Amino acid sequence: MLPPALPARIDTERYRLDQLQPADAAALLAHFADPDVTRYLDIDPLAELAEARDIIDWAQGLARDRAGGRWAIRARDEGVWLGTAGFNAITRARASRGEIAYDLAREWWGRGVMREVLPALLHVGFADLDLNRLEAFVTPGNEPSRRLLTRHRFRQEGLLRAYGRWRGRDWDQELWSLLRADWAASRGP
Ligand SMILES: CC(C)(COP(=O)(O)OP(=O)(O)OC[C@H]1O[C@@H](n2cnc3c(N)ncnc32)[C@H](O)[C@@H]1OP(=O)(O)O)[C@@H](O)C(=O)NCCC(=O)NCCS
């Protein structure tokens, strides 16, 4: 039996998340062209529309295979682009886990956007997709991301040494996780 599909759209009080579409390519290019946004990510700042299209193809492929997916985050009222969030991976073979990822445009940092969006992402992972463990990889030094995860009861499990290689060097990665039981307990009876 096929595992559950990711929802095409997620609504929170102030934001709407729609799975990335080819029509998002220009907005995605502008978003990931900002080196402030990509500073702690495993990609170079984008320079061409084709690179944005490749990311959208990748996200759509993941969603088709039910192995991940990515939503564009926009303001519900005026549709202003805020960033993206999603699952870089969903692993069900001898596991029940998903890897979350999120990135906001610079002008939206520190305004409580992820504080509202992350719970919706967790709900999708634990309730809709029925996963038991959600994890996040954080590049050391990314304090906003650490604070966000800590506030939502993720725990840092360790430091994966030289786990990634991009921009011509090796990168350590912090491994953070939240288990479904801890998530459920935090939501009260
Ligand atoms: C990581 C990232 C998503 C965090 O976003 P953020 O805006 O700092 O996170 P939040 O939405 O939770 O905002 C929280 C902060 O906004 C402040 N804030 C302002 N207005 C707020 C509001 N209305 N409601 C809640 N918080 C608000 C809070 O005080 C809080 O500060 P604190 O963290 O010191 O408590 C953002 O920094 C980002 O996109 N970075 C670039 C990409 C990246 O590195 N992604 C992560 C890879 S692991």
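In this predicted model, an oxygen atom of the ligand lies 2.7 Å from an N or O atom in the side chain of R147. On its own, the ligand has 960 Å² of accessible area, of which the protein covers 75%.

The shell around the ligand may be considered next. It consists of 20 residues, and the closest are L104, G110, M114, R147 and R151. β5, α4 and α5 each give two or more residues to this shell, and α5 provides the largest share, with five residues. By class, the shell contains eleven nonpolar, four polar and five charged residues.

The space that the ligand takes is the largest pocket, whose volume is about 1200 Å³. This pocket is lined by 46 residues, and those closest to its centre are L41, Y102, D103, N142 and S145. Several elements supply at least two lining residues each, among them α2 (35-38), α3 (49-65) and β7 (155-166). The lining comprises 24 nonpolar, nine polar and 13 charged residues.

The second largest pocket has a volume of about 160 Å³. Its lining includes P119, H123, R151 and W183. α4 and α6 (180-186) each supply at least two of the lining residues, and the largest share, four residues, comes from α4. In this lining there are four nonpolar, three polar and three charged residues.

Methods. Residues numbered from 1 in each chain as written. Predicted model: local features only at pLDDT ≥ 70, side-chain atom pairs only at ≥ 80, totals over all residues. Heavy atoms only, no water. 1 Å grid on protein atoms, 1.4 Å probe; cavity = no way out; pocket = protein on both sides within 12 Å on 5 of 7 lines; lining within 4 Å. Points joined across faces, edges and corners; volume = space filled by probe spheres on them. Nonpolar A, V, L, I, M, F, W, Y, C, P; charged D, E, K, R; others polar. Near = heavy atom within 4 Å. Polar contact = N/O pair within 3.5 Å; in protein donor to acceptor, adjacent residues only side chain to side chain. Areas by Shrake-Rupley, 256 points an atom, 1.4 Å probe, with all protein chains shown as cover. Sits in = over half its atoms within 2 Å of the grid points.
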